[in-house]
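Me: Could you take me through this structure slowly, setting each value against the rule behind it?

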Amino acid sequence: MMEFDLFREYGPALLRGLSVTIFCWIVGTACAMALGFVLALVQRGVSARPVQWILRAYVEFIRGTPFLVQLFVLYYGAPMLGLRLDAMPAGLLGLTIYGSPYFAEIFRAGLNAVPVGQIEAARAMGFAPATILRRIMIPVMLVSALPALVNFSIILTKETVILSMITVPEIMFETQTMMAETFAFAESTLVLALFFWVFVETISRIGRRLERRATHYLLDRS
Amino acid sequence: MFSFQTIIDNLPVLAASARYTLLISGAGCFLGLIFGALICVAAVSRASAARAFAGVYVSFFRGVPLLIQLLLAFYLLPLVGVNVPALAAAIFTVGLCAAAYISEILRGALNAIPRGQAEAAMAVGLAPRDIWTRILLPQALKISMPALVNELILLVKASSLVTVVGIVEITRMSQAIASATYRPLEIYLTAAFLYLAINLVIAALGRNLERRLAW
Amino acid sequence: MTLRTTLRAALFGATALALTATGALADMLEDIKAAGKITTATEMHYAPFDMLENGQYAGFNKELFDEVAKELGVAAEYQDLPWASILPGLEVSKFDFVNAPVTITPERMERYAFTLPISDATVALVQRKGGDLTAPADIKGKTVGIQKGTAQEKQLEAYSETLGGFTIRGYGSPDEAYADLAAGRLDAVAGSAPNLAYLAKTRPDVFETIQPPFGEPKYFAWVTRKEGSEALIEAMNAALVKIQDDGRLAAMQEKWFGTATALPKEMPAM
């Protein structure tokens, strides 16, 4: 007797959880991308040794440790250092930090793929560095980096469930609350799994379509 | 104040729990390699049913978060008659999930092997099974070694999630110690550095292996 | 459990896929006696009931369950599991008994078989040392932490309605709520009186309890599945009464809670 009726009773809470999941995913991914882009620019533009070392240590540390442990350090450990964040801001900051080195790597590879000749030509024509970055480097870089950007953004959707473990009230958290009250453990977990399967498949498809359209757009412009 | 004494006192217990982290990620990676090779063979097979199965498999295990896969294995599988101890459930789930990623890695590597090789093998009368096990998969393995090492590192990190099915590995042990000592910062940082150390060693071993394979 | 025995168990388990449907029909007491052991699960972060000391399981629950197992003539095997996975694990026969302190509630009574009470579980509040709350009602408009999915959470929600509202924040384990209280993210944490008394006793410089407990009287007990557990429950209850009558219970209560209190020898009315 699968008790799917429960979803009617707990529907509002689950929808709230779903919106928190989507919110955390979008905001977290956008912030991680932004920080990743800055890291890529610093890595490319600042050659001072200490800066490169710090950058390297940051990337190694974040890529070498589990997201869950990073969240525990940020949420339970950081108050000792005076950084006291609520669950949601801690979760968003966690996603930002966790995603940033991966995005930085994608951007770095993309920027390296911009033909040097194009940049030199623009410089010879007297364009300002900021203009070169905005008009030439970013569009050309995006064409080659888009598939990886889309791919990693999709991976981040799945990481949002880990935020439930620091009490961010996203879909997994709300489902667990429901399970504790209704004892419908197996059904709820199954529905949650199916939901994520459909959700990730859907955004993968949308992502691939957007990727194609954006590529056409960028190629037309450049 | 930051207490190094807490770290020194608890490091032995925490490091001992790393054996479960290593066991689950190592055994999970090994299973993932076997299942992944099978899924990869299915994915490039001429039989459309095999291709469809591989497609659904990869889509499911890559679409559903591992945390939820673990709970499914724990809460749901017993209802259909599969009731295995937590450790076996954890290793199998991690392995099945890894297989989805590894099959894609191997598939990418297969594309890099010249088509002529399989055709020549067929021409001299080698059975399809031998073509796979003697020619294609060994080369695919070698080509994809960097990606596989990276996958193992991902699994070491992913193994932190098996806390939910009751395996006391590094993360679960650090939660217990943090709650007993009230020193979350020191303990979770120590846990993080343990993971980092494991992964740096794996990365170094991987580079070593790649150099040898390149000969 | 050592790694080797775990591995062996895992291998045997993997090859012999046990059908839960057939397992449910058997008598649990007979099965346990035949196996010579009773397998249990609890979250080992629930001082003073369950905790890890230098990586070893310890606490009131362990000592009491050890005594009960001794009365049954079997060995007790313990496993650490997050609270959210404990009742689901019990339902699918991952272990024989939940030796976590589970609050007796009517909803759970319908679904599970409880032993006699093993401890008081009335809900109380704890705050930071020197906090400005003097009575439970002072939490109106404040933020209170609680372990999510617990009976205490429901009582806290009911209390919030009668008081006219305060913010409730759910946590995976009480330790995380205590950490947030210490960190200043919460004004108080609700939990069972014995847990909070122990917390305030072990860290008097950080926490203090708010008197009196606000909830209606509740009890903790251990639970198992209903099917086939009648004889087992009966045997465990007899053991619990015996342990109380010969003074062992009082000694354990003194050791872990600081005071000894008599427990009901019959199932309390809901």
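Reply: Let us begin with a rule: two strands pair if DSSP finds at least two bridges between them, where strands are DSSP runs of E with at least two residues and helices are DSSP runs of H or I with at least four residues, numbered from the N terminus. In β11(C), Val189(C) is the bridge partner of Val126(C). The model is a predicted one, in which local features need pLDDT of at least 70 and side-chain atom pairs count only at pLDDT 80 or more, while totals for chains, interfaces and linings use all residues. Residues are numbered from 1 along each chain as its sequence is written, and chains are lettered from A and ligands numbered from 1 in the order in which they are written.

Me: How do you know that β8 and β11 of chain C pair?

Reply: Strand β8 (residues 123–128) and strand β11 (residues 188–192) of chain C are joined in the antiparallel sense over 4 bridges, and the rule asks for at least two, so the two strands count as paired.

Me: What makes β10 and β12 of chain C the edge strands?

Reply: The open sheet has 5 strands in the order β10-β9-β11-β8-β12 (chain C), with mixed pairing. Both β10 (167–171) and β12 (207–210) of chain C pair on one side only. From one strand to the next, the twist averages 35 degrees, an angle between axes, which are lines fitted to C-alpha atoms (for helices over the stretch in contact), taken from 0 to 180 degrees between N-to-C directions. Across β8, β9 (143–147), β10 and β11 of chain C lies helix α7 (residues 151–163), running at about 155 degrees to β9(C).

Me: Why is Thr167(A) called buried, and why is Tyr182(B) called partly exposed?

Reply: A residue is buried if 20 or more other C-beta atoms, placed from the backbone, lie within 10 Å of its own, exposed if 12 or fewer do, and partly exposed in between. Thr167(A) counts as buried because it has 23 C-beta neighbours inside 10 Å, whereas Tyr182(B), with 15 such neighbours, counts as partly exposed. Thr167(A) sits in the loop between α7 (129–159) and α8 (171–182) of chain A, and Tyr182(B) in the loop between α8 (170–181) and α9 (184–214) of chain B. Phi is near 70 degrees in Thr167(A) and about 55 degrees in Tyr182(B). Most residues other than glycine have a negative phi.

Me: What makes helix α5 of chain C mostly covered?

Reply: In helix α5 (residues 83–91) of chain C, 8 of the 9 residues are buried, among them Trp83(C), Ile86(C) and Leu90(C). Just after α5(C) comes Ser93(C), with a positive phi of about 60 degrees.

Me: How do you know that the radius of gyration of chain C agrees with a compact globule?

Reply: The radius of gyration is taken over C-alpha atoms, and the globule rule is 2.2 Å times the number of residues to the power 0.38. With 270 residues the rule gives a radius near 18 Å, and chain C has 19 Å, so the value agrees. Buried residues make up 47% of the 270 residues in chain C.

Me: Which peptide bonds to Pro48(C) and Pro212(C) are called cis, and with what omega?

Reply: The bond from Ala47(C) to Pro48(C) is cis, with omega near 0 degrees, and the bond from Gln211(C) to Pro212(C) is cis as well, with omega near -5 degrees. Pro48(C) lies in the loop between β1 (37–41) and β2 (51–53) of chain C.

Key:
Two residues are in contact if their C-beta atoms, placed from the backbone, lie within 7 Å.
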